[in-house]
Amino acid sequence: MTTNRGTLSMVTRVAAAVAGVAILAGCSTAGSASSTGDTSSSPTAAAVVDTTSSGGTSADRSNSTVESANEKAVLTLIADVFPDPTSAKAKAEAEAVVAPDAVAHGSGLTAGPGGLLDQFAAAHTRVANAQAVVKHEAADGDLVAVHWQIASDPNDERSGEAAVDLFRVTDGKIVERWSFSQPIPTGTPASGNTNTMFSDLYANAAKPGSVSEAQEEQNRTFAVGAYNTLFRDQDVSVLDTSFDPNYLQHNSVAPNGTAALKGFFSGSTKFPAQESSISLSDGDLVWTFSQSAGAKASDPFLAADIFRVDGKLIREHWDVVPAN
């Protein structure tokens with residue numbers, strides 16, 4: 001069900017510890033009160049592929065009918081509410097879709113439909129004439145994730161903010177949500193990487209509906225295992241077994257390919273371990289939401305990552321790392 005949208009529309013976050021920054025250190029949003037941690041990992045490629053975990057939900061991940069309905073509800077909510085979140089129409093729509101006691105996780109977020117309206121109104125304050133431009137979306141079990149741009153000009157992917165919002169939907173109502181956002185970097189990055197934070201560059205990306213539910217789940221456990229092997233266990237051998245050596249990077253801090261990551265993790269500096277706590281898979285994209293290794297469900301989340309998986313290799317990566 002994962003598609004790319006118009007208007008409505010790593011794997012590295014580097015700040016070297018020696019320079020006051022750290023890989024994937026992403027400053028955190030507030031943590032989940034109910035997520036179940038992904039515990040899959042292994043230093044071997046075979047084990048990485050075979051690992052399984054709940055990924056933050058006990059819902060049926062194979063019910064595409066429910067997933068489609070959940071995704072539609074979330075995308076319709078963004079389309080109807082974001083343009084004018086202070087209007088009576090927006091309030092009515094939010095109250096119809098967001099449970100009165102819906103839990104909100106993220107810096108400064110508040111519960112219920114009013115909290116969502118306040119979040120959208122704040123975005124309009126930060127970005128003049130803000131529009132919601134959805135770039136990728138996913139529905140898996142009772143989870144729906146949206147990768148979107150908040151921008152004045154929907155045709156300019158280098159302005160405004162990048163965001164990922166995650167929703168838990170039960171019986172057609174949003175009962176829990178997480179929000180991650182960051183300003184879009186401007187200027188020419190030192191890495192030389194000029195890919196935008198949203199573009200799709202992999203030539204063999206899966207067409208909508210072409211990936212089975214079973215393959216989506218295989219992709220999820222594979223990508224989560226690879227993520228945890230690298231970022232929790234800091235075993236760089238996974239870069240040779242689970243990543244395309246020329247994988248496409250949409251975080252401008254690092255160039256395309258795995259060479260930079262190998263350098264970071266093979267150096268003398270040790271980085272804090274982190275692992276995937278919530279994960280989704282839809283189409284050929286796998287979404288991970290990470291916390292510090294061993295964190296409690298209520299601890300802060302660090303970042304949202306999206307990986308494109310094809311042929312048992314990670315081919316492309318996007319992320320959003322909150323600044324607070």
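This is a predicted model: local features need pLDDT of at least 70, side-chain atom pairs count only at pLDDT 80 or more; totals for chains, interfaces and linings use all residues.
Residues are numbered from 1 along each chain as its sequence is written, and side-chain values use heavy atoms, with hydrogens and water left out.

**The second largest pocket**

- The second largest pocket has a volume of about 400 Å³. A pocket here is an open set of points on a 1 Å grid over the protein atoms alone where a 1.4 Å probe fits, with protein on both sides within 12 Å along at least five of seven lines. The volume is the space filled by probe spheres set on the points, which are joined across faces, edges and corners.
- Its lining has 26 residues, and Ser107, Leu109, Gln119, Arg126 and Ser181 lie nearest the centre. Lining residues have an atom within 4 Å of a point.
- Helix H4 (112-126) and strands E3 (143-151), E4 (161-170) and E5 (173-183) each supply at least two lining residues, with H4 giving the most, 7 residues. Helices (H or I, at least four residues) and strands (E, at least two) are DSSP runs, numbered from the N terminus.
- By type, the lining divides into 12 nonpolar, 10 polar and 4 charged residues. Ala, Val, Leu, Ile, Met, Phe, Trp, Tyr, Cys and Pro count as nonpolar, Asp, Glu, Lys and Arg as charged, and the others, Gly among them, as polar.

- Asp140 sits in strand E2 (residues 131-140) and is buried, with a relative accessible area of 2%. Buried means under 20% relative accessible area, exposed over 50% and partly exposed in between, using a 1.4 Å probe and protein chains only.
- The side chains of Asp140 and Arg61 are joined by a polar contact of 2.6 Å. Such a contact is a pair of N or O atoms within 3.5 Å; within protein, one must be able to donate a hydrogen and the other to accept it, and residues adjacent in sequence count only if both atoms are side-chain atoms.
- A polar atom of the Asp140 side chain also lies 2.9 Å from the backbone nitrogen of Ser281.
- Beyond its neighbours within four places in sequence, Asp140 is in contact (heavy atoms within 4.5 Å) with Arg61, Glu67, Arg220, Leu280 and Ser281.

**Ser242**

- Ser242 belongs to helix H6 (residues 238-242) and is buried at 0% relative accessibility.

**Salt bridges**

- The structure holds 14 salt bridges, each a side-chain nitrogen of Lys or Arg within 4 Å of a carboxyl oxygen of Asp or Glu.
- Arg168 pairs with Asp142, the closest N and O atoms being 3.4 Å apart. This pair links distant parts of the chain, with Arg168 in strand E4 and Asp142 in the loop between E2 and E3, 26 residues apart. Arg168 is buried at 9%, and Asp142 is buried at 13%.
- Arg308 bridges to Asp200 at 2.6 Å. Arg308 lies in strand E9 (residues 301-310) and Asp200 in the loop between E5 and helix H5 (213-231), so the pair ties together parts 108 residues apart in sequence. Arg308 is buried at 3%, whereas Asp200 is partly exposed at 32%.
- Asp200, Asp284, Arg308 and Glu316 are linked in a network of salt bridges.
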